[in-house]
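Visitor: I would like to go through this model with you. Could you put it up, please?

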Amino acid sequence: MKVKHELPPIYNEHSEVLILGSLPSVKSREEKFYYAHPKNRFWKTLSAIFEEEIGNTIEEKKEFLYRNHIALFDVIKSCEIENSSDTSIKNVVPNNLKTIIKQSQIKFIFTTGRKAYDLYQKYCFPKTKIEAIYLPSTSPANCPKNIETTLVDSYQQIKEKINEKEE
């Protein structure tokens, strides 16, 4: 099924770190916000590394991102995909990241999951020239990753990069 990315990027002029997924899941597209599946561990993981409650509303999540200088978007503008399966992605048209980078202070880019990383390397890196840092997927399909250990340990790099800029 052909899917077009319809969620706007979340960022402001103070964003220093850009986190990129591949494409919003079916549930995220329905809810019209990123990482909306209740079993996705993205928001729980960020809450753990920043040691603060994020809240459940879209507005609270946006405020958290802005407060912590985080931008959020996806690599894919459109593609063919079966349900929410990254392994089924074909015929990719990438998002243009130029505006986000130009209108912010993005110095670090993280990708959530192998597919997002591979697609970023193929389509976006040649234009941005900013190396991406791979992070494991927080998707419920990626069950072996334990939120208390692997995800939090890996995602801790986000906070470290932001703190690095403040020193």
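Visitor: How much of the chain counts as buried?
Guide: Of its 167 residues, 48% count as buried. Buried means under 20% relative accessible area, exposed means over 50%, and partly exposed lies in between, with a 1.4 Å probe and protein chains only as cover.

Visitor: What kind of model is this, and how are residues numbered?
Guide: It is a predicted model, in which local features need pLDDT of at least 70 and side-chain atom pairs count only at pLDDT 80 or more, while totals for chains, interfaces and linings use all residues. Residues are numbered from 1 along each chain as its sequence is written, and side-chain values use heavy atoms, with hydrogens and water left out.

Visitor: How many helices and strands are there?
Guide: The chain has six helices and seven strands. Both are DSSP runs numbered from the N terminus: helices are H or I with at least four residues, strands are E with at least two. In sequence order the pattern is β-β-α-α-α-β-β-β-α-β-α-β-α.

Visitor: Why is the chain described as being as compact as a globular protein of that length?
Guide: Its radius of gyration is 15 Å, close to the 15 Å given by the globule rule for 167 residues, so the chain is as compact as a globular protein of that length. The radius is taken over C-alpha atoms, and the rule is 2.2 Å times the number of residues to the power 0.38. Along the principal axes, the C-alpha atoms fill a box of roughly 45 × 35 × 25 Å.

Visitor: Over how many bridges do strands 2 and 3 pair?
Guide: Strand 2 (residues 17-21) pairs with strand 3 in the parallel sense over five bridges. Two strands count as paired if DSSP finds at least two bridges between them. Within this pairing, L20 stands opposite F73 in strand 3.

Visitor: What about the sheet of three strands?
Guide: This open sheet has the order 1-4-5 and antiparallel pairing. Strand 1 (2-4) and strand 5 (90-94) are at the edges, each pairing on one side only. Neighbouring strands here are turned by 10° against each other on average, direction ignored. Strand 1 pairs with strand 4 (residues 76-80) over three bridges, and K2 has E80 as its bridge partner in strand 4.

Visitor: What does W43 touch?
Guide: Leaving out residues up to four places away in sequence, W43 touches F33, Y34, Y35, I54, K61, F64, L65 and L72. A contact means heavy atoms within 4.5 Å.

Visitor: Where is Y35, one of the W43 contacts?
Guide: Y35 is in the loop between helix 1 (26-31) and helix 2. Its phi is near 55°, a positive value in a residue other than glycine. Most residues other than glycine have a negative phi. Y35 counts as buried because its relative accessibility is 12%.

Visitor: And K129, buried or exposed?
Guide: K129 is exposed, with a relative accessible area of 58%. K129 lies in the loop between helix 5 and strand 7, and its phi is near 60°.

Visitor: Lastly, which residues does K115 touch?
Guide: K115, in helix 5 (residues 114-128), touches D86 and I89, not counting residues up to four places away in sequence. K115 counts as partly exposed because its relative accessibility is 26%.

How values were computed
Axes are lines fitted to C-alpha atoms, for helices over the stretch in contact, and angles run from 0 to 180 degrees between N-to-C directions.
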